[in-house]
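Keep the model open beside you and try each task before reading its solution.

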Amino acid sequence: MKRKQVEASIEHFFRKRVQKDPKIHNSTLLVHSEKAGIDVQVSEGEDTHHPRQPYYIASVSKLVTAVLVGMLEERNLLSFEDPISKYIDADLMKDLHVYKGIDYSEGIRVKHLLNHTSGLHDFVEEQPKQGKSIIDILVEEPDRKWTPREVVEWAKQHFVPHFPPGEGFHYSDTGYHLLGLIVEKATGMSLGKALQTMIFQPLGMTQTYLVFSDAVVETELPVARLYMRNEDITDHTSLSLLYAGGGVVSTTQDLLLFMKALVHHQLVNDNTLAKMKSDWSKFFVGIDYGYGVMNIKTVPLLMPAKYNVWGNAGSTGSFLFYHPQLDAYVIGSFNHFRYDKKGIRFMLQVIDKLLKGEKHRTVTAS
């Protein structure tokens, strides 16, 4: 299969996928492989303006935050092994992690937040025993402005931890809020400023920023409309609750710059990246989670080795993955909450099309 045929096949598959789902109002996709000469940049949906339109990258933000933490460790401004109490003040630490009557708060280390092994709750996905979920509040109180501290305090009041630090896996946006606060303490800058100064500006990611921060930039196009429960929440001030675990706005082109820099050790060195990719916890069958990194790995009969990729994905159907065998980057989003599994599944289907094209190209060449 020729390069142009592969690109056309991917674009057709993407457009058909979006058009048949009435809940997807706008979406974007970038597929890039210098090895195969593939470069697809496409957008689809009635709200879509342009393939270079910025969008909420959701939990792909966790990879960006984790890389920043890795950069700070290399500069000796913090350590993965540090107790978080070194950076989080006593008031916020108080009763942060009380499990079965025992206070484990002092036992939480930076690495536990990075790979979701702290045992802390997830304020996004969990339902309080009493009162509304934070998702309900986000939708029903659109003008509410949240600070990171307020979110953590809210989570402390409404949830209980799941296990002692280091003794299990539980996905935790609460943990990534704490990581953002740790970055601010370690750098003396706001998280938005730290991201701009250390990652976005050096890489030329001119359309990327942390929302509701002091480092918001002017983008060339409006932010893609974001949907939750099929309701447009793009302009909700309540999205301020996203922060370090989901508050980055970017474009597929900017994220390609980021991922290339990460792959080629221009952000963190090979030892740090190896550490981020080796301290795994089991996320789902076939998906492990390191320090902000999702690793889709071989599972006999379920997940062949040809699909091995690493990167991250978000609840809005956002995805940012690198396929080492193909030297391919697959980046995009469906911009609708609860589309995380659909986004990952679609990304793997794109990888399959790339693999078939590569196989045909290899056979033809031989």
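**Exercise 1. Which residues is Thr 174 in contact with, leaving aside neighbours within four places in sequence?**

Step 1. Look for heavy atoms within 4.5 Å, which is what contact means here. Thr 174 then meets His 121, Asp 122, Phe 123 and Ala 155.

Step 2. Remember what you are viewing: this is a predicted model, where local features need pLDDT of at least 70, side-chain atom pairs count only at pLDDT 80 or more, and totals for chains, interfaces and linings use all residues. Residues are numbered from 1 along each chain as its sequence is written, and side-chain values use heavy atoms, with hydrogens and water left out.

Step 3. Check the polar side: a polar atom of the Thr 174 side chain lies 3.5 Å from the backbone nitrogen of Phe 123.

**Exercise 2. Is Thr 174 buried or exposed?**

Step 1. Buried means under 20% relative accessible area, exposed over 50%, and partly exposed in between (1.4 Å probe, protein chains only).

Step 2. Thr 174 has a relative accessible area of 0%, so Thr 174 is buried.

Step 3. Now view its helix, α7, residues 173-187 (helices are DSSP runs of H or I, at least four residues, numbered from the N terminus). In α7, 13 of the 15 residues are buried.

**Exercise 3. Which residue caps the N-terminal end of α7?**

Step 1. Find Ser 172: a side-chain oxygen there lies 3.4 Å from the backbone nitrogen of Thr 174, and Ser 172 is the cap.

Step 2. Go to the other end, where Gly 188 follows α7 with a positive phi, near 75°.

Technical notes: Helices (H or I, at least four residues) and strands (E, at least two) are DSSP runs, numbered from the N terminus. A polar contact is a pair of N or O atoms within 3.5 Å; within protein, one must be able to donate a hydrogen and the other to accept it, and residues adjacent in sequence count only if both atoms are side-chain atoms.
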